Amino acid sequence: MSELKLIVGNKNYSSWSLRPWVLLKALDIPFTEHQHYFTPDNSAFKSFSPTALVPALIDGKQTIWDSLAIAEYVYEDHPAVWPASREARSFARSAAAEMHSGFSALRSLCSMNVGVRVKMFDTPPALIRDLARIDDIWRYGFTNFGGPYIAGSTFTAVDAFYAPVVFRSNNREAQAHMCRMGAGLAVLPCRLAAQIDGLEPVDLGEVPPPRNLYFGYHRDLGKLARLRALVQLVAERLSD
Ligand SMILES: N[C@@H](CCC(=O)N[C@@H](CS)C(=O)NCC(=O)O)C(=O)O
């Protein structure tokens, strides 16, 4: 292998670029990053990839133009890309391939923009099925290979393939469960954390960041005694 050049789009939007980038970074594999800006027709991408898509990995005269192929290519010199055990490796490869070819509802309805949080007003059945499938895959991995990563004790390509999901969903329960599995720290509402065995509060020595809660009701209803009582009750319960 000569010096690896990873050509990516803006990783804020390009989940396929983010995957090999996270993988190489997490495994400390040396590479240089070359970012190309998206344009209306991306015709300039033809100069480095036959598909005019990002990412692409350049190794000397060799071009590898697909995220999953990049993982496999890098694996040839860096076995840590996939889990060491055959069982975990076949699971990890299957799950990464499933992400590579599936999850169309998640992909189209929860498009990636790392810097933006959007409240969804509707969760169609196809999206619920995709999310449930991710839950199954992660649970299977944690249960069978011991965590804290999807296929065992080290970060591998399957984690890189599911990394953008973390930016597509900010579900607090998922974060709480990941935290319980040992994946790291999570900023959780005390009420949610208190319901999950095995989580421990961390004393940061300072007050956690505040979170504003809003109670919406129609202006005309503001004088209703029962509504005011409810607002007061909710405020009291949440402030204790
Ligand atoms: N199967 C490819 C997908 C690559 C892909 O769709 N890349 C998007 C960015 S996330 C792209 O280059 N889009 C530019 C375009 O469609 O013109 C892979 O896994 O690398």
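Predicted model: local features only at pLDDT ≥ 70, side-chain atom pairs only at ≥ 80, totals over all residues.
View 1. Helices α1 and α2 each supply at least two residues of the shell around the ligand, and the largest share, three residues, comes from α1. Of the 13 residues around the ligand, those that come nearest are S14, W16, N42, L53 and S67. Sorted by class, this shell is made up of seven polar, five nonpolar and one charged residues.

**View 2. The two domains and the side of domain 1 that touches domain 2.** The protein chain is divided into domain 1, which spans 4-79, and domain 2, which spans 82-174, and the C-alpha centres of these domains lie 20 Å apart. Contact between them involves twelve residues of domain 1 and 14 residues of domain 2. On the side of domain 1 that touches domain 2, α1 and α2 each supply at least two residues, with the largest share, six residues, coming from α1. By class, that side of domain 1 has eight nonpolar, three polar and one charged residues.

**View 3. The largest nonpolar core.** This core holds 42 residues, among which A92, A157 and V158 touch the most other members. Two or more residues are given to the core by each of β1 (4-8), α1 (15-26), β3 (56-59), α2 (67-75), α3 (86-101), α5 (125-145) and α6 (157-168), and the largest share, six residues, comes from α3. Because domain 1 (4-79) and domain 2 (82-174) both give residues to this core, the core lies between them. In soluble globular proteins, nonpolar side chains tend to be buried together.

**View 4. Contacts of V158.** Leaving aside residues up to four places away in sequence, V158 touches A92, A95, A96, I150 and A151.

**View 5. Helix α3 and the residue F103 just after it.** Helix α3 has 16 residues and reaches 22 Å from its first C-alpha to its last, which is close to the 22 Å expected at 1.5 Å a residue. Just after α3, F103 takes a positive phi of about 55°.

Key. Residues numbered from 1 in each chain as written. Core = buried A, V, L, I, M, F, W, Y, C linked by C-beta atoms within 7 Å. Buried ≥ 20, exposed ≤ 12 C-beta atoms within 10 Å, placed from the backbone. Helix = DSSP H or I, 4+ residues; strand = E, 2+ residues; numbered from the N terminus. Domains from an automatic or database assignment. Contact = placed C-beta atoms within 7 Å. Near = placed C-beta within 6 Å. Nonpolar A, V, L, I, M, F, W, Y, C, P; charged D, E, K, R; others polar. Expected span 1.5 Å × (residues − 1).
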